[in-house]
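Here is a briefing on the structure shown below.

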Amino acid sequence: MDTGLAYFKKVYDEVPGWVQKMHDFSPEVLSHYTRIRSEIMKDGALTRKEKDVLIASMNAARLYPRSMLYHTKGAVDNGITIPELVEYFLVAYLYKGIESLKLSIKALAYALELKGKCYESKTTEVVTLDDIFHIIIQYMDNEDTSFVREVFQNIQTGDRERIERKILEDGNVSSRLKYLNMVGNFITELNGKGASSWIKKARNFGASEADLADVGYICILTAGIPAWFEISDSL
Amino acid sequence: MTGINNEGHLAEWMDKMDHYAPEVLEAYKRLNELVLRNGALSRKEKECILVGINAARRYEKSMLYHTKCAIDVGASLDELAEILSVCILSRGLPAWLEGMKALAYAAKYIDETRAPKVLSKHNGQKPNRYSFESLDDCIHYYDNMFGTLPQWAKVLLDYSPDTLLHYTNLRNANLSDGRVSRKLKELVLVGINTAERYPEGVRIHTEGARSCGATEMEIAECHLTAVLTAGIPAWFEGAQFLRNE
């Protein structure tokens, strides 16, 4: 089997249609795309798991389900837990609001399915934040849900600062990674200006320049080379 | 790819990429070269598609850079003006407001580099050259293009026939063969919609491109070009409409 096809078969357990098509039309491009993807996704300042889950969350934040789901699988394959996944998707909520959290329920259901736990998908019935948090807590099953419940309580106050502080505090996921996620949300949408204050905050919570560069690289995969133009200005 | 700056040094973004991960820079450079080389579409056509995509989404940095590249491989001011005016169809006047910056940049760059300048006010077109006067003409136009009146045009006909008439005139004038072929204009619109992950737009303009003779390989190269500036989702969105030849 061609190297590119073999690489993606390993990543997705099967050769996805888009990979096969790229191979059919341009095996050379697939080969070079595979090379850059494997370079970027390997363990570096950020781990493979962190890179996958950040891309999943960034795509939830920009309301793009396909890449959210692909990278949710990558994160699950690399050991993400449901409580961790939930905390990343709360960062997407902080960026884009209820629509992103509603979308992320699909990713959570998919992650549970990959872990062999099936729940009936209820996304069509979801309207309010109350509904969404109810489902998330249900999906978390026997896990500790206190962080999520506290986030919901804070959201109900309507106090933006409080909500932000709570979502971004250390939980199952470190503040450093949550701030990096916020940086990625802006960079993916080519908003370097919007990202700059989050970059400073990420540094304050321990993010290194290499961490930020890794965020830039994964953004190239999901948003093209302009994503690097936007973040590299701040490195 | 914004490679070398005016002083002949690596552009800052490349320098930084090289510093943090030289392997990624190397892999990106190879991918970029491969995707943009002459193939089913020429390098010039690919650069024009990148100009259009970045004008449509109002991303100035890449729009200006690819304007420069397009001129370097032979695009004229008139051709760029046609590419940029096509963007109005998919993303409205804001795309033109952005595109004007590319035209101003192109005029200056052409002057500085003494590149061949083809510039004719009104681009050789007479106003109303393509004017449809009745809705029947419009329906006929869509029938010819798509084999039927598309649903979006039907609804516009029901609710706002005046808008359909005037939009069809704009569409027809914009998408006619001129300095730039209608096929390339449709491909620019395909690129805009793959880059912005809007499948309905990809579908409409893929059909449009096919109707003026675009091959599946040309459409595929358009999507791959979009991947450089918008990431792999552009391929996800485009590939689903490709037929195996």
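**Loop residues, chain contact and core**

B:Arg58 sits in the loop that joins helix 3 (43-56) and helix 4 of chain B. Helices here are DSSP runs of H or I with at least four residues, strands are E runs of at least two, and both are numbered from the N terminus. The model is predicted, so local features need pLDDT of at least 70 and side-chain atom pairs count only at pLDDT 80 or more, while totals for chains, interfaces and linings use all residues. Residues are numbered from 1 along each chain as its sequence is written, and chains are lettered from A and ligands numbered from 1 in the order in which they are written.

**Loop residues**

- B:Arg58 has a positive phi near 60° and is not a glycine.
- Most residues other than glycine have a negative phi.
- B:Arg58 counts as partly exposed because it has 16 C-beta neighbours inside 10 Å.
- The burial classes rest on C-beta atoms placed from the backbone: buried means 20 or more others within 10 Å, exposed means 12 or fewer, and partly exposed is in between.
- B:Tyr59 lies in the loop between helix 3 and helix 4 of chain B.
- B:Tyr59 has 20 C-beta neighbours inside 10 Å, so B:Tyr59 counts as buried.
- Leaving out residues up to four places away in sequence, B:Tyr59 touches A:Leu190, A:Pro226 and B:Asn54.
- Contact means that the C-beta atoms of two residues, placed from the backbone, lie within 7 Å.
- B:Tyr59 and B:Leu157 are 98 residues apart along the chain, and their C-alpha atoms are separated by 34 Å.
- In chain A, A:Leu63 is a non-glycine residue with a positive phi of about 65°.
- A:Leu63 is in the loop between helix 4 and helix 5 (65-77) of chain A.
- A:Leu63 counts as partly exposed, because 14 C-beta neighbours lie inside 10 Å.

**Chain B overall**

- Chain B has 13 helices and zero strands.
- Read from the N terminus, its elements run α-α-α-α-α-α-α-α-α-α-α-α-α.
- Of the 245 residues in chain B, 43% are buried.
- Among chain B contacts with a separation of 6 or more, 68% join residues 24 or more positions apart.

**Where the chains meet**

- 33 residues of chain B contact 32 residues of chain A.
- On the chain B side, helix 1 (12-20), helix 2 (22-36), helix 4 (60-72), helix 12 (216-230) and helix 13 (233-239) each supply at least two residues.
- Helix 2 of chain B gives the most to that side, with eight residues.
- By class, the side of chain B that touches chain A has 23 nonpolar, four polar and six charged residues.
- Nonpolar covers Ala, Val, Leu, Ile, Met, Phe, Trp, Tyr, Cys and Pro; charged covers Asp, Glu, Lys and Arg; the others, Gly among them, are polar.

**Domains of chain A**

- Chain A is assigned domain 1 (47-171) and domain 2 (174-235), with bounds from an automatic or database domain assignment.
- The C-alpha centres of domain 1 and domain 2 of chain A lie 20 Å apart.
- Their contact takes 17 residues from domain 1 of chain A and 16 residues from domain 2 of chain A.
- Helix 4 (48-61) and helix 6 (82-96) of chain A each supply at least two residues of the domain 1 side.
- Helix 4 of chain A gives the most to the domain 1 side, with eight residues.
- The residues of the domain 1 side divide into nine nonpolar, three polar and five charged.

**Helix pair in chain A**

- The axes of helix 8 (residues 129-139) and helix 9 (residues 146-157) of chain A come within 11 Å and cross at roughly 175°.
- That makes helix 8 of chain A roughly antiparallel to helix 9 of chain A.
- Axes are lines fitted to C-alpha atoms, for helices over the stretch in contact, and angles run from 0 to 180 degrees between N-to-C directions.
- Angles under 35 degrees count as roughly parallel, over 145 as roughly antiparallel, 65 to 115 as roughly perpendicular and the rest as oblique.
- A:Leu129, A:Phe133, A:Ile136 and A:Ile137 in helix 8 meet A:Val148, A:Phe152 and A:Ile155 in helix 9.
- This contact has seven nonpolar, no polar and no charged residues.

**Nonpolar core**

- The largest nonpolar core has 143 residues, of which A:Phe89, A:Val183 and B:Leu80 touch the most other members.
- Such a core is a set of buried Ala, Val, Leu, Ile, Met, Phe, Trp, Tyr and Cys residues joined through C-beta atoms within 7 Å.
- Helix 6 of chain A gives the most to this core, with 10 residues.
- Domain 1 and domain 2 of chain A both give residues to this core, so the core lies between them.
- Leaving aside neighbours within four places in sequence, A:Phe89 contacts A:Ser57, A:Ala60, A:Leu101, A:Ser104 and A:Ala107.
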